[in-house]
Amino acid sequence: MSTVPDHGLKEMVPVFGPDALGAQAGVSFHHALARLSEGGDLKARLLLSALSHFAAKGYDGVQVKEVAEEAGVSKPTLYYHFGSKEGLFRQLCLVSLSAMAVRIQRLVEPFLASPIRGVKAIDEASVKLAQAYLDLLLESQEFTGFILRSIAVPSPDSGFRDLMPLVEKGLAPLGLFMNHVFGTSLEQARKEVLLFTSLVGALIEEKLRDPQYQITGDEVRWVAQRWLHGVQG
């Protein structure tokens, strides 16, 4: 009987849960992996190396050998822990998305604590939400680039499409904001969330293209206004 561990290719179970990464305490995904790696955790070191390579090159452009060498291990060691390139990619997605879901939930909760009524209050809350979400994504630009690239150009070999329900689940708290403010049905809110994240994503992509580019408050307000125009239109 094989002693090779289950690599989670069928089960959507991350090797590090949100608690292990300190997501409830507001620790960024990248910093959490770096902390675990510095503490000697080999899986964290491999995931940190994989994050850098997948973010820069996309799934198809990454060689497992490069990831292993950067992490200071052999290819067989990487395969032992993650099974395959797809297994490594999948675990990176599972770990990052599960942590991000907790962070987004924490981000939205303050907005749900009391009613938000009136044009001015709704406008201000929407701008604050857009800024908070943007700040969250900018905490780890490698992670953000990795996710945006995986969504925009999903490799048929990566299995990322299978994880899209997990992406939507992680973004679901943003839909609760819509429901709270506008009484939008959760199904319609799901569609509005995709519009919201694509607008914020446009700012992020510009920042990734040009690290010197500074996203202004006016641009964040533009995102909120475009979003609200669609919701209220």
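**Close-up views of a predicted model**

**View 1. Q91 sits in helix α6.** Helices here are DSSP runs (H or I, at least four residues), numbered from the N terminus. The model is predicted: local features need pLDDT of at least 70, side-chain atom pairs count only at pLDDT 80 or more, and totals for chains, interfaces and linings use all residues. Residues are numbered from 1 along each chain as its sequence is written, and side-chain values use heavy atoms, without hydrogens and water. Q91 is buried, at 2% relative accessible area (buried: under 20%, 1.4 Å probe, protein chains only). Its side chain reaches the backbone nitrogen of V15 at 2.8 Å.

**View 2. F29 belongs to helix α2, residues 29–38.** F29 counts as buried because its relative accessibility is 7%. Beyond neighbours within four places in sequence, F29 contacts L21, L51, L92, V95, S96 and F143 (contact: heavy atoms within 4.5 Å). F29 and H81 lie 52 residues apart in sequence and 20 Å apart in space, C-alpha to C-alpha.

**View 3. The largest pocket holds about 460 Å³ of space.** Of its 24 lining residues, Y133, I147, L148, I151 and T197 are closest to the centre. Elements giving two or more residues to the lining are α6 (85–108), α7 (119–138), α8 (141–152), α9 (164–182) and α10 (186–209). A pocket is an open set of points on a 1 Å grid over the protein atoms alone, where a 1.4 Å probe fits, with protein on both sides within 12 Å along at least five of seven lines; lining residues have an atom within 4 Å of a point. The volume is the space filled by probe spheres set on the points.

Key:
Buried means under 20% relative accessible area, exposed over 50%, partly exposed in between (1.4 Å probe, protein chains only). A polar contact is a pair of N or O atoms within 3.5 Å; within protein, one must be able to donate a hydrogen and the other to accept it, and residues adjacent in sequence count only if both atoms are side-chain atoms.
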